[in-house]
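Subject: Structure handover

Hello,

Here is the structure I said I would pass on. My notes on it follow below.

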Amino acid sequence: MKVSGTLARKLLSLAAGEMIPRSQLKNSLIDSLLDNGVLQLRSRGTRKSVFCSDAVALQAYMDNHFGIADLQKYLEMLNDEDLRRSQSVGIASSSKIKSIRSFKGFLVNCLEPIPARLNGAELSLQPLPGAFTYIYDFEQFIPAEDVTIVGVENGENFRYLESQQYLFRDKKFLFVSRYPQSGDLVRWLCGIDNPYLHFGDFDFSGIRIYLTEFQKYLMDRADFFIPPGINRLLERHGNRDLYERQLDQLTDLVNLPEPGLQALVDSICKEKKGLEQEVLIGGWEAL
């Protein structure tokens, strides 16, 4: 049985001498604590309240039956996003008492060496087709200020960057993968000053992802990447079924922050087709 944060908080209140109505403690653990005399019941007319006359006995019970050596630290552990498994063992005798993310961070890729700093040390990210760099301590990862961050929505485009180099010239670009999907990427982007360019699908869903997951937080620092010849691409390679399946999302695409985005939406509606970004892996012939 897992002891929830809500229950742990109530047990702490009982250990501190508070009385809690029995109606608020409908739980099999409370029943067991009452049956074993660790907690006591007080009746006043039809009202019943639970109290604890021996906080030491309560803590000993939790330690013996659940491996929770300290209720206060256990509760803090449940609220700690950065807790390590080794720490959770010391608090609750189990590394799985709370679902802990063993891996945070995100993947990065590049087309040329990209200078950065990680944990205060100089770092040069090197391109190597077929291999990526995983940034774990993203809070301390700072790219050079002249680097533009490109968020890549789809895995295949992230893998085959060298086949899309014709799209990204004249600037230094660091490519980051949207997957595995978590809040780490946008948290990192909010903590640095580099411009952000979103490279996703050219359909209503891709635009919505950009607006709700990135532009909403980065505001003027964010742009949506639109390749040259987008109208021809939609005409030649667009997918009508993709457009029809996402048509219900069109009503959310109002007051768009960038003129280019509105023009893209107009083009999608004109062609009645959506376009997946993988088509750009083909090179210039796709254009």
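**Aromatic cluster**

One aromatic cluster is made up of Phe168, Phe173, Phe175, Phe199 and Phe225. Please keep in mind that the model is predicted. The count of aromatic pairs comes to 14. One of them is the pair of Phe168 and Phe173, which is edge-to-face, with 5.4 Å centre to centre and 70° between the planes. Both of these rings belong to the cluster above. Phe168 is buried, because its relative accessible area of 6% falls under the 20% cut-off. Phe173 is also buried, with a relative accessible area of 10%.

**Strands E1, E2 and E3**

Strand E3 (residues 47-51) pairs with two other strands, E1 and E2. Strand E1 (residues 20-21) runs antiparallel to E3 and is joined to it by two bridges. Ile20 has Val50 as its bridge partner in E3. Strand E2 (residues 40-44) is also antiparallel to E3, with five bridges between them.

E2 and E3 form a hairpin, and two residues lie between them. Gly45, in the turn, has a positive phi of about 70°. The ring of Phe51 also has a charged neighbour: Arg42 lies over its face, at 4.8 Å from the ring centre.

**Helix H9**

Which residues of helix H9 are buried? In this helix (residues 230-237) they are Ile230, Leu233 and Leu234. These residues lie on the same side of H9, because they cover an arc of only 100° around the axis. H11 is included in what covers the buried residues of H9.

**Gln246**

Gln246 is found in the loop between helix H10 (240-245) and helix H11 (259-271).

What does the side chain of Gln246 make a polar contact with? The partner is the side chain of Asp203, at 3.3 Å. With neighbours within four places in sequence left aside, Gln246 is in contact with Asp203, Phe204 and Ser205.

Regards

Note on methods
Residues are numbered from 1 along each chain as its sequence is written. This is a predicted model: local features need pLDDT of at least 70, side-chain atom pairs count only at pLDDT 80 or more; totals for chains, interfaces and linings use all residues. Side-chain values use heavy atoms; hydrogens and water are left out. Helices (H or I, at least four residues) and strands (E, at least two) are DSSP runs, numbered from the N terminus. A polar contact is a pair of N or O atoms within 3.5 Å; within protein, one must be able to donate a hydrogen and the other to accept it, and residues adjacent in sequence count only if both atoms are side-chain atoms. Contact means heavy atoms within 4.5 Å. Rings of Phe, Tyr and Trp (its six-membered ring) pair if their centres lie within 6.5 Å; planes under 30 degrees apart count as stacked, over 60 as edge-to-face and the rest as tilted. Buried means under 20% relative accessible area, exposed over 50%, partly exposed in between (1.4 Å probe, protein chains only). A charge sits over a ring if NZ of Lys or CZ of Arg is within 6 Å of the ring centre and within 35 degrees of the ring normal. Two strands pair if DSSP finds at least two bridges between them. The arc is that of the directions from the helix axis to the C-beta atoms.
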